[in-house]
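Reader: I am new to protein models. Please show me how to read one, feature by feature.

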Amino acid sequence: MESERVLIFDTTLRDGEQCPGASLNLKEKLEIARQLALLKVDVIEAGFPAASPGDFDSVRGIAQEVKGVTVAGLARALEKDIEANARALEKAESPRIHVFLSTSKTHREHMVQKAKEEIIHMAVKGVTCARKYCDDVEFSPMDASRTEPDFLVEVVRAVIDAGAKTVNIPDTVGYTIPGEFAGLIRHLKENVPGIERAILSVHCHNDLGLAVANSLAAVQAGARQVECTINGIGERAGNAAMEEIVMALRTRKDFFGLDTRVDPRHIMACSKLVSTLTGFFVQRNKAIVGKNAFAHESGIHQHGFLKRKDTFEIMNPKDVGLDDSDLVLGKHSGRNALSHKCRELGYDLTQEELDRVFQEFKILADEKKDLYEDDIITLIQKQRWTEDKLNIYKLVKVQCRFETGSLPEGTVVLLSRDGQEHTARGTGDGPVDSLYNAVDKITGLSCKLLDYQVMSKTRGKDAQGEVTVRVLHENREVLGKGAGVNTLEASCHAYVNAINKLLIKPKTGPVSGAEVPGP
Ligand SMILES: [Zn+2]
């Protein structure tokens, strides 16, 4: 007998992207969406089309390009939001409009300033309006976990009658506790007439570190959709982590008796991509995707571990896409092998992109002995950061003098889009600072460096370092990335990448005054 399924609704690109500093561009969002489709999530929430022209374009782009998955957009219970959503989703294979409205007492009084009856009226109107455009409508009573349970019953009943096919119960502020949340789900199941006509969903935040536990408790009580994000990213303490939900249901199928459609072998690739593109690193001890998450990484080998893996390991690292032998290509690998590997990793490169990656690959293969999957991914990302056609500056050369006891001095050569070469020299507290000061002399911008991090992408002394910087200029914060075996050069690439982002003006300003954060 086939077991029942839990739908996985991924909101990495909406709720996850909403957290300060994550901001992804359309290309990056598409890349993540493609990985999510490979991972076989059921729904991708691609954005909030009414929030900004950039968000609108992202939802439209993903709806157009990513197939085999439902694409959802978020909307307030307002006609203009819903209409923008419908336009953004026009080309989707399977579109869903996700309407939300605050229902808790505190939100009713301080955010929307509406009485209970008005809330029900607005919710019904929103769902009815969305159903005009789309069969698949989801409704979220925002701050549901702090809403009076009996009022919540009324709201849920009304939106199901109006045609909502999924009703999502968000713990918007991360306040609930597993036993309490399961009780709320049961309360709805027992008291809402017609509840069987809709799928009950949950959306939990991690303010008390309970997002995954709350979601699983709700599933046990009958919820059949979980909203979550890769690596648990999101505002404040984040959302429920998808990889944890999926692997808990899978590993403890004996307990839950439920399945998901997700192919967990793509979990690691997805986690790495999201971490790289958002600049939010995954802590070493993070469940499932942290570097130390599996026993075989932490030196327990020496003891009886190898004889029987299950003495310490409840999951097989291979199941989430971790493979000890990910040594992939060598010096003599050809273009075809590289092209094949890129596709296998989920990247669809143009001929031009492949040419550049191949060139860099040959250089890297000379610089370091072993090439891993992560090296290939870093090369692909790196050429995207440096070869973007919109870039104003390109780093040509870096030179740095550094000696204990003397002031570091750096020289950089940048090529600007008009074909001119610019050289400048700078000094600073350290070599990186001296190089950044030299870059500032050329660009004329004086930026504040908010954060600087280097992470080694693979193992070994010759590993590529990935440098992430956060740079502030006139109230705009951008993320810069660079990578390479030479950390100083990579640091310079990261800074120039950030400068390019600052110089390319983004489309800003909400389309319809949307400032509400969402459920
Ligand atoms: Zn949320």
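**Reading one feature at a time**

Author: Let's begin with a helix: the buried residues of H6 are Ile119, Ile120, Met122, Ala123, Gly126, Val127, Cys129 and Ala130. Buried means under 20% relative accessible area, exposed over 50%, and partly exposed in between, with a 1.4 Å probe and protein chains only. Helices (H or I, at least four residues) and strands (E, at least two) are DSSP runs, numbered from the N terminus. The model is predicted, so local features need pLDDT of at least 70 and side-chain atom pairs count only at pLDDT 80 or more, while totals for chains, interfaces and linings use all residues. Residues are numbered from 1 along each chain as its sequence is written, and side-chain values use heavy atoms, leaving out hydrogens and water.

Reader: What do the buried residues of H6 pack against?

Author: Packing is read from contacts, that is, heavy atoms within 4.5 Å. The buried residues of H6 pack against helix H4 (79-88), strand E5 (95-102), helix H5 (105-112), E6 and H7. An α-helix has 3.6 residues a turn, so residues three or four places apart point the same way.

Reader: How many residues has helix H6, and what is its reach from first C-alpha to last?

Author: The expected span of a helix is 1.5 Å times one less than its number of residues. Helix H6 (residues 116-133) has 18 residues and reaches 27 Å, close to the 26 Å expected.

Reader: Which protein donors does the zinc ion have?

Author: Donors are N, O and S atoms within 2.8 Å of the metal (3.2 Å for Na, K and Ca); water is not among the atoms, so sites may look incomplete. Here they are Asp15 (OD), His203 (NE2), His205 (NE2) and Pro519 (O), at 1.8 to 2.2 Å from the zinc ion. Along the sequence, the donor residues follow the spacing D-x187-H-x1-H-x313-P.

Reader: Why is the arrangement around the zinc ion irregular?

Author: Four donors count as tetrahedral if all angles lie between 85 and 135 degrees; four count as square planar and six as octahedral if opposite donors are over 155 degrees apart and all others between 65 and 115; anything else is irregular. The 4 donor atoms around the zinc ion subtend angles of 89 to 137°, and therefore the arrangement is irregular.

Reader: Is Asp15 buried or exposed?

Author: Asp15 is buried, because its relative accessibility is 1%. Asp15 sits in helix H1 (residues 12-16). Beyond its neighbours within four places in sequence, Asp15 is in contact with His203, His205, Gly234, Glu235, Asn239 and Pro519. The side chains of Asp15 and His203 are joined by a polar contact of 2.8 Å. A polar contact is a pair of N or O atoms within 3.5 Å; within protein, one must be able to donate a hydrogen and the other to accept it, and residues adjacent in sequence count only if both atoms are side-chain atoms.

Reader: Now for strands. In which sense do strands E17 and E18 pair?

Author: Two strands pair if DSSP finds at least two bridges between them. Strand E17 (residues 465-473) and E18 pair in the antiparallel sense, over 9 bridges. Strand E18 (residues 476-484) is mostly covered, with 7 of its 9 residues buried.

Reader: Which strands run parallel to E3?

Author: Strand E2 (residues 7-10) runs parallel to E3 and is joined to it by 2 bridges, and the parallel strand E4 (residues 70-76) is joined to E3 by 4 bridges. Asp10 has Ile44 in E3 as its bridge partner, while Val43 has Thr70 in E4. Strand E3 (residues 43-47) is largely enclosed by the rest of the structure, because 5 of its 5 residues are buried.
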